[in-house]
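Subject: Structure for your review

Hello,

The structure is below. My notes on the packing and strand pairing follow.

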Amino acid sequence: MTDPGRTQAMPGEPAADPNRTLLGASPFDPNKTLLGNAPNLNMTATIKPVQCPVCRSFNPPGLIYCGECGLIFEMALEGDAFGAPSVQLPVLVDSSGREHRLRPGETVLGRQGDVVIEDSRVSRRHAQISSSGDSLTLEDLGSTNGTSLNGSRLSAGEKRPLGNGDKISLGGCELTLGLPGEANRTLAAFSGKTSAIAAPPTMGQVKAKISLPDREVSLRIGSTTFGRRGGNDLVISDPHVSGKHGTFEADDSGVYLTDTGSTNGTLLNDAKLTPHSRTQLRSGDKITLGGTTLTVTLT
């Protein structure tokens, strides 16, 4: 017997669940916000921050260069996993061998500048380098301890042109300018001179041998860069090794190791090295880079 107060299901249709809420067609409400289709995958690219492939910092969408390291995004080679720019930027190399890229336009040097220099002799906004086309100029911004170019002091507000290899002194803190295509990585030698040589090294200049799992490499007088990228003197194919991981330096006083700010660090005999700190090596030392171990043998 049917209940006259109960809604009956149509013949041939399954009985409705009386406990289930049914959604019917409601009248159009002009004050109600209507949801359209979700955006497609291509639309999300316009609102996502851009991660720099070099320094890994995030940038707001629409910038053509990284606000942290100055990499020009629009000039990056397509398909390059490391985002290597086809047009390199000028760099300043400090006494530890660290490179500071110059921004397009104006770059302020100082304790609170675009290139941060943590030195009590340096003013907050000490000096400025301006780029216009292919030319660079240096200007002192009224610093306390002054700015010198190749030993010649600048007056406050004075501008002078810059060239490759120029020495910039900010209150006694020295930086060396390296221009693209001028082998600027040789400027970071701790001996005060470049590691470029006029003739191939001889066997008598070998100061140490580095044993890797698959080969042995000789270290000669001068600077030897190592890392994952192909542009290094010593390429280490380990995903945990940074593109430019560190530097070996050999001279008459010994062989030295410097971590140039790698992501995962460098271990020397299981002790982590301080970035940008020069450490002398001894025979039998074990260097760990990610999952790769190197053994040092002095000759």
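In these notes, a contact, or touch, is a pair of heavy atoms within 4.5 Å. The model is predicted, so to speak of local features a pLDDT of at least 70 is needed, side-chain atom pairs count only at pLDDT 80 or more, and totals for chains, interfaces and linings use all residues. Residues are numbered from 1 along each chain as its sequence is written, and side-chain values use heavy atoms, with hydrogens and water left out.

L289 lies in strand β23 (strands are DSSP E runs of at least two residues, numbered from the N terminus). Leaving out residues up to four places away in sequence, L289 touches F226, I236, D238, V241, H245, T266 and L294. L289 is buried, at 0% relative accessible area (buried is under 20%, with a 1.4 Å probe and protein chains only).

β23 and β24 form a hairpin with two residues between them, and G290 in the turn has a positive phi of about 65°. The two strands pair in the antiparallel sense over four bridges (pairing requires at least two DSSP bridges). I287 has L294 in β24 as its bridge partner. β14 also pairs with β24, antiparallel and over four bridges; there I210 is bridged to V296.

Regards

Definitions and conventions: Buried < 20%, exposed > 50% of the residue type's maximum accessible area, 1.4 Å probe, protein only.
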